[in-house]
Amino acid sequence: MSTDIFLLSIETSTTNCSVSISKNGRTITTKEDNNAKYSHAESLHVFIEELLDNNSLSLQQLSGIIISKGPGSYTGLRIGVSTAKGLCYVLNIPLIAVNTLHSLAHRITTKSNCYIIPMLDARRMEVYTAVYDNDHNTIEETKALVLDKMSYYTLLNTKNCVFIGNGVAKFKEVCNHPNASFKTQEFPSAIELNAIGFAKFKNKEFEDVAYFEPFYLKDFIAIKSKK
């Protein structure tokens with residue numbers, strides 16, 4: 001029997017609906033659509049089927065599913081997590097959860113001694129954010145932060161800081177520190193989930209499928225439409 005480990009990764013925390021399959025931790029195929037209208041409900045299952053068919057794989061060959069757990073869009077996270085949990089339950093395979101900001105930070109690969117600071121858009125001047133070193137070790141845990149010109153001022157005075165994500169444009173408007181660089185067009189992708197999730201798979205860092213919930217960070221607030 002083959003000892004290859006095939007893992008399906010699902011990323012739906014932002015407008016980017018992203019699905020990937022890895023073999024022994026290495027990405028073999030990816031499909032994603034960054035649609036401002038949130039195409040997740042329509043696209044997610046289609047993407048999964050296409051990737052499996054195009055690579056001559058079946059659901060039964062999957063060893064586990066990796067999900068981007070948040071923070072991020074309430075609706076996007078709910079769709080992604082519901083799909084992942086349903087597949088894990090039916091296939092009786094483990095669920096692996098990865099912090100969305102942590103995976104986003106992995107889009108920056110550098111040997112320079114710097115801080116990597118992912119930011120996901122929340123409301124107004126608020127973002128979901130965390131701080132990592134250039135080896136992607138956590139320096140500051142995930143939190144919601146209302147940005148102003150003094151945000152991360154102490155870190156910026158210490159070393160270069162790379163800000164990445166769809167919330168960065170807000171900070172770029174108020175931050176002119178010379179140690180700051182901004183990557184405003186980067187979104188979380190299932191690609192970064194593959195290696196992180198594979199390491200967790202090998203360590204058996206699994207979630208309880210029945211009780212797992214997305215990491216919303218903040219309570220969902222429904223906005224009533226004006227009549």
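The structure is a predicted model, in which local features need pLDDT of at least 70 and side-chain atom pairs count only at pLDDT 80 or more, while totals for chains, interfaces and linings use all residues. Residues are numbered from 1 along each chain as its sequence is written, and side-chain values use heavy atoms, with hydrogens and water left out.

Strand β6 runs antiparallel to strand β7 (residues 126–133), to which five bridges join it. Within this pair, Ile116 stands opposite Tyr132 of β7. The hairpin of β6 and β7 has four residues between the strands, and Arg124 there takes a positive phi near 50°. Strand β6 also pairs with strand β9 (residues 161–164), in the parallel sense and over four bridges; Pro118 has Ile164 of β9 as its bridge partner. Strands are DSSP runs of E with at least two residues, helices are runs of H or I with at least four, and both are numbered from the N terminus. Two strands pair if DSSP finds at least two bridges between them.

## The five-stranded sheet

Five strands form an open sheet with mixed pairing, in the order β3-β2-β1-β4-β5. The edge strands, each pairing on one side only, are β3 (26–34) and β5. From one strand to the next, the twist averages 20°.

Strand β4 (residues 62–68) is mostly covered, with seven of its seven residues buried. Its pairing with strand β1 (residues 6–11) is parallel and spans five bridges. Phe6 stands opposite Leu62 of β4, and Leu7 stands opposite Gly64 of β4. Strand β5 (residues 95–98) runs parallel to β4 and is joined to it by four bridges; Ser68 has Val98 of β5 as its bridge partner.

## Helices and the sheet

Two packed helices are described by the angle between their axes and the distance between the axes. Helix α1 (residues 40–54) and helix α2 (residues 74–91) pack at an angle of about 35°, with their axes 10 Å apart. Axes are lines fitted to C-alpha atoms, for helices over the stretch in contact, and angles run from 0 to 180 degrees between N-to-C directions. The contact, meaning heavy atoms within 4.5 Å, is made by His40, Ala41, Leu44, His45 and Ile48 of α1 and by Gly76, Ile79, Gly80, Thr83 and Leu87 of α2.

Helix α2 lies across β1, β4 and β5 and runs at about 165° to β4. Together, β4, α2 and β5 make a right-handed β-α-β unit. A crossover is right-handed if, with the strands pointing away from the viewer, the path from the first strand over the helix to the second runs clockwise.

## Glu32 on strand β3

Glu32 lies in strand β3 and counts as partly exposed, at 38% relative accessibility. Leaving aside neighbours within four places in sequence, Glu32 is in contact with Asn16, Cys17, Ser18, Phe47, Ser189 and Ala190. Glu32 and Ser43 are eleven residues apart in sequence, and their C-alpha atoms are 8.9 Å apart in space.

Most residues other than glycine have a negative phi, and most peptide bonds are trans. The peptide bond from Gly70 to Pro71 is cis, with omega near 10°; Pro71 is found in the loop between β4 and α2.

Ser56 lies in the loop between α1 and β4 and is exposed, with a relative accessible area of 66%. Tyr152 lies in the loop between β8 (138–146) and α4 (153–156), and counts as buried at 10% relative accessibility.

Conventions: Buried < 20%, exposed > 50% of the residue type's maximum accessible area, 1.4 Å probe, protein only.
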